[in-house]
Amino acid sequence: FKDFHRWSVNSFFTTRWNWPASAIKPLSCALERKSIILDRKRGNPSDSVLVCLHFDGEMERRDADASAFKGKLFLAESGDVIYSKIDVRNGAIGVVPPSIPLIAVSSEYPVYEIRPDVGIPQYVKLLFRTSVFRKHINSLISGASGRKRVQPSDLEEIEAPLPDLSV
């Protein structure tokens, strides 16, 4: 058992994309991690919107604003990817929509910029909704009890079709 990475039957799942091997790359080729902390002293935290990230990847504004949140908050812009470390297995991963230009999230929601020379937000959003991607996410869950998470480094290693932008 020393060679096991995870104690889960799902960890043996392998993804099978129906794409040429040349198009299959780690998500880290298209996604770059961002960690811009909301500076409450310099800016107005109420300018940054908190969102609900639903299991279908869609986001909507929350009634509360960032000034009510006690911990560190990180900024994400329209077109960035965010996901819930805990609920990504249920589909809580998506692209910040143009209708919400700036949001603030806790450290439980890693933020990624989509490299414009590698991917476009509309494609990445569709990729996250595929059954193959969802099965792969479920093979990455680690932790105990109801707080099982998918770590950013594991998400970044997922190999998925990232074809040339012309495709």
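Salt bridges in a predicted model

E32 is partly exposed, as its relative accessible area is 38%. Please keep in mind that this is a predicted model. The side chain of E32 meets that of R115 in a salt bridge, at 3.6 Å from N to O. E32 belongs to strand β2, residues 31-34, while R115 sits in the loop between β9 and α1, so the pair ties together parts that are 83 residues apart in sequence. R115 is also partly exposed, with a relative accessible area of 25%.

Why can such side chains pair? Side chains of opposite charge can do so when their charged atoms come close.

Let us turn to a second pair. The side chains of K34 and D80 form a salt bridge of 2.7 Å, N to O. This pair links distant parts of the chain, with K34 in strand β2 and D80 in the loop between β5 and β6, 46 residues apart. Are these two residues buried or exposed? K34 has 10% relative accessibility and counts as buried, and D80 is buried at 4%.

R149 lies in the loop between α2 and α3 and E108 in the loop between β8 and β9, so parts that are 41 residues apart in sequence are tied together. Salt bridges that share partners also join K34, E77 and D80 into one network.

Finally, D80 is among the residues that G94 touches. G94 is found in strand β7, residues 93-95, and counts as buried at 1% relative accessibility.

Definitions and conventions
Residues numbered from 1 in each chain as written. Predicted model: local features only at pLDDT ≥ 70, side-chain atom pairs only at ≥ 80, totals over all residues. Heavy atoms only, no water. Helix = DSSP H or I, 4+ residues; strand = E, 2+ residues; numbered from the N terminus. Buried < 20%, exposed > 50% of the residue type's maximum accessible area, 1.4 Å probe, protein only. Contact = heavy atoms within 4.5 Å. Salt bridge = Lys/Arg side-chain N within 4 Å of Asp/Glu carboxyl O. Lists of a residue's contacts leave out its neighbours within four places in sequence.
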